[in-house]
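Here's a quick briefing to read alongside the structure. Have the viewer open, and follow the topics in order or skip to the one you need.

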Amino acid sequence: MGLMHQHRTADRPDATDLIDVAWRTHAPAALRFATAVVGPVDAHDVTTAAFLRVTRHPNWVDVEHFDRYLIRAVRNEAQNLYRQRRRRWQRDLLAVRPEVTTDALPDVDLLRAVASLSVQQRSVVFLAYWHDMTEAEIAETLDVARSTIHRTLARARIALRKALA
């Protein structure tokens, strides 16, 4: 059932009221997800951008599972943020090109290992281990095939094992 049907009053609520209800209802979970995916510094910006992008569409109130839809939008915004930063970093690195590169491996802890995963891998790891969701539930939430979730989680585990070894 869409958000409009869940929060119907005697009169038809105006768009501002619906947006306010949607934000108060779904933002905390989306913000927790964004914090796990992009970190606490960028989480609010990513969540807000995703929420504004979603509610800009005229039929957003008819989305059946708005919470899942918003999680997918947050994941997409996180990917956009990382793409943008990666392009900027590549431009900056090309500008300063050091002659000698030293790859000193610092002590790797769990947070650094998780941070090194892709946005998709971090999303799946967060939902699997912090929310105790099954692969099927994660697939439904992120709107991807269960086999994709299984493969992504397996690759994330391999990457974490290597980083923590």
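**The big picture**

Of the 165 residues in the protein, 35% are buried. Keep in mind that this is a predicted model, with an average pLDDT of 84.

**Fold and surface**

- Read from the N terminus, the order of elements is α-α-α-α-α-α-α-α.
- Take the contacts with a separation of 6 or more: 66% of them are between residues 24 or more positions apart.
- The protein exposes about 10900 Å², and 53% of that comes from carbon and sulfur atoms.

- A pLDDT of at least 70 is reached by 84% of the residues.
- Confidence is highest in helix H3 (residues 40–55), with a mean of 94, and lowest in helix H1 (residues 3–6), with a mean of 49.
- Residues 4–11 stay under 50 in pLDDT, and the model gives this stretch ten contacts beyond four places in sequence.
- A word of caution here: where pLDDT is low, the predicted coordinates should not be read in detail.

**The largest pocket**

- The largest pocket has a volume of about 290 Å³.
- It has 14 lining residues, and those closest to the pocket centre are Thr 35, Ala 36, Leu 111, Val 114 and Ala 115.
- Helix H2 (15–38), helix H5 (110–115) and H6 are the elements that each give two or more residues to this lining.
- By residue type, the lining of the largest pocket splits into eleven nonpolar, two polar and one charged.

**The second largest pocket**

- The second largest pocket holds about 230 Å³ of space.
- Again 14 residues form the lining, and here Ala 29, Asp 67, Ile 71, Leu 127 and Thr 141 are the closest to the centre.
- Two or more lining residues each come from H2, helix H4 (66–96) and H6.
- H2 gives the most to the lining of the second largest pocket, with five residues.
- The lining of the second largest pocket has eight nonpolar, three polar and three charged residues.

- Val 119 sits in helix H6, and Val 119 counts as buried because its relative accessible area is 8%, under the 20% cut-off.
- Which residues does Val 119 touch, not counting those up to four places away in sequence? The list is Val 37, Arg 75, Ala 78, Gln 79 and Tyr 82.
- Val 119 and Asn 80 are 39 residues apart in sequence, and their C-alpha atoms are 9.9 Å apart in space.
- Gln 121 is in H6 too, a helix that spans residues 119–130.
- Is Gln 121 buried or exposed? Gln 121 is buried, because its relative accessible area of 15% is under 20%.
- Leaving out residues up to four places away in sequence, Gln 121 touches Thr 152, Arg 155 and Ala 156.
- Gln 121 and Arg 151 are 30 residues apart along the chain, with 9.7 Å between their C-alpha atoms.

**Two aspartates with positive phi**

- Asp 132 isn't a glycine, yet its phi is positive, at about 50°.
- You'll find Asp 132 in the loop between H6 and helix H7 (135–142).
- Asp 132 counts as exposed because its relative accessibility is 66%, over the 50% cut-off.
- Asp 143 isn't a glycine either, and its phi is positive, at about 60°.
- Where is Asp 143 found? Look in the loop between H7 and helix H8 (146–164).
- Asp 143 has 55% relative accessibility, which is over 50%, so it counts as exposed.

Conventions: Residues are numbered from 1 along each chain as its sequence is written. This is a predicted model: local features need pLDDT of at least 70, side-chain atom pairs count only at pLDDT 80 or more; totals for chains, interfaces and linings use all residues. Side-chain values use heavy atoms; hydrogens and water are left out. Helices (H or I, at least four residues) and strands (E, at least two) are DSSP runs, numbered from the N terminus. Buried means under 20% relative accessible area, exposed over 50%, partly exposed in between (1.4 Å probe, protein chains only). Contact means heavy atoms within 4.5 Å. Accessible areas come from the Shrake-Rupley method with a 1.4 Å probe; for residues, only the protein chains shown count as cover. On a 1 Å grid over the protein atoms alone, a cavity is a set of points where a 1.4 Å probe fits but cannot get out, and a pocket is an open set with protein on both sides within 12 Å along at least five of seven lines; lining residues have an atom within 4 Å of a point. Grid points are joined across faces, edges and corners, and a volume is the space filled by probe spheres set on the points. Ala, Val, Leu, Ile, Met, Phe, Trp, Tyr, Cys and Pro count as nonpolar, Asp, Glu, Lys and Arg as charged, and the others, Gly among them, as polar. pLDDT is the predictor's confidence in each residue, from 0 to 100.
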